[in-house]
Amino acid sequence: MNEPTIYIGVALFELFVPDAHSLKEKRSHTRSLVEHIRHRHQVQILEVSHQDLHQRAGFAVSALSTSPSDAEQRLERVRQTVDERWSGHVLAWDVELIRV
């Protein structure tokens, strides 16, 4: 029996949150972006680094697909959403594709 090939696309990105002066303010600034990405692109997203810093946030986004190009395109659309909706700076954006 042939097992289907699954691809996991993972994007790691960091945001600068210049207007946040506390962790609560940082969450307030990033929450709407995270929720928009989660619902619009049907991907998993969570804060994975810099939880103790109030002006920086690191996120991981994952997309599953049976096609490597589809997984990459979905993450690229997430990138476009971040660029359009985030008023601060995107400090880093790295993508990796894993075949399972």
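**Fold, helix packing and charged pairs in a predicted model**

His 50 lies in the loop between β2 and β3, where helices (H or I, at least four residues) and strands (E, at least two) are DSSP runs numbered from the N terminus. The structure is a predicted model, in which local features need pLDDT of at least 70 and side-chain atom pairs count only at pLDDT 80 or more, while totals for chains, interfaces and linings use all residues. Residues are numbered from 1 along each chain as its sequence is written, and side-chain values use heavy atoms, with hydrogens and water left out.

Although His 50 is not a glycine, its phi is positive, at about 65°. A positive phi, of about 50°, is also found at Gln 42, which is not a glycine either. Most residues other than glycine have a negative phi. Gln 42 belongs to the loop between α1 and β2, and with a relative accessibility of 67% this residue counts as exposed; here buried means under 20% relative accessible area, exposed means over 50%, and partly exposed lies in between (1.4 Å probe, protein chains only).

The chain as a whole contains two helices and four strands, which follow one another along the sequence in the pattern β-α-β-β-α-β. Its C-alpha trace spans about 55 × 25 × 20 Å along the principal axes. Of the 100 residues in the chain, 32% are buried. The accessible surface, computed by the Shrake-Rupley method with a 1.4 Å probe, with only the protein chains shown counting as cover for residues, comes to about 6400 Å², and 48% of this surface belongs to carbon and sulfur atoms. When contact is taken to mean heavy atoms within 4.5 Å, residues 24 or more positions apart account for 71% of the contacts in the chain with a separation of 6 or more.

Helix α2 covers residues 68-85, and its 18 residues should span 26 Å at 1.5 Å a residue, which agrees with the 26 Å that separates its end C-alpha atoms; the expected span is 1.5 Å times one less than the number of residues. The buried residues of α2 are Ala 71, Arg 74, Leu 75, Val 78, Thr 81 and Val 82. Seen down the helix axis, these buried residues fall within an arc of 105°, so they line one face of α2, the arc being that of the directions from the helix axis to the C-beta atoms. The buried residues of α2 pack against β1 (7-16), α1 (23-41), β3 (56-65) and β4 (90-99). Ala 71, one of the residues of α2, has a relative accessibility of 0% and therefore counts as buried. When residues up to four places away in sequence are not counted, Ala 71 touches Gly 9, Ala 63, Ser 65 and Leu 97. The C-alpha atom of Ala 71 is separated by 21 Å from that of Arg 85, which lies 14 residues apart from Ala 71 along the chain.

Side chains of opposite charge can pair when their charged atoms come close. With a salt bridge defined as a side-chain nitrogen of Lys or Arg within 4 Å of a carboxyl oxygen of Asp or Glu, the count comes to four salt bridges. In one of these, Arg 56 is paired with Glu 14, and the closest N and O atoms are 2.4 Å apart. This pair links distant parts of the chain, given that Arg 56 in strand β3 and Glu 14 in strand β1 are 42 residues apart. Arg 56 is partly exposed, with a relative accessible area of 32%, whereas Glu 14, at 19%, counts as buried.

A further salt bridge joins the side chains of Glu 47 and Lys 26 (2.8 Å, N to O). Glu 47 lies in strand β2 (residues 44-49) and Lys 26 in helix α1, so this pair ties together parts that are 21 residues apart in sequence. Glu 47 counts as partly exposed at 21% relative accessibility, while Lys 26 counts as buried at 1%. The side chains of Glu 35 and Arg 38 also meet in a salt bridge (2.8 Å, N to O), and both residues lie in helix α1, three residues apart, or about one turn of the helix. Glu 35 is partly exposed at 32% relative accessibility, as is Arg 38 at 29%.
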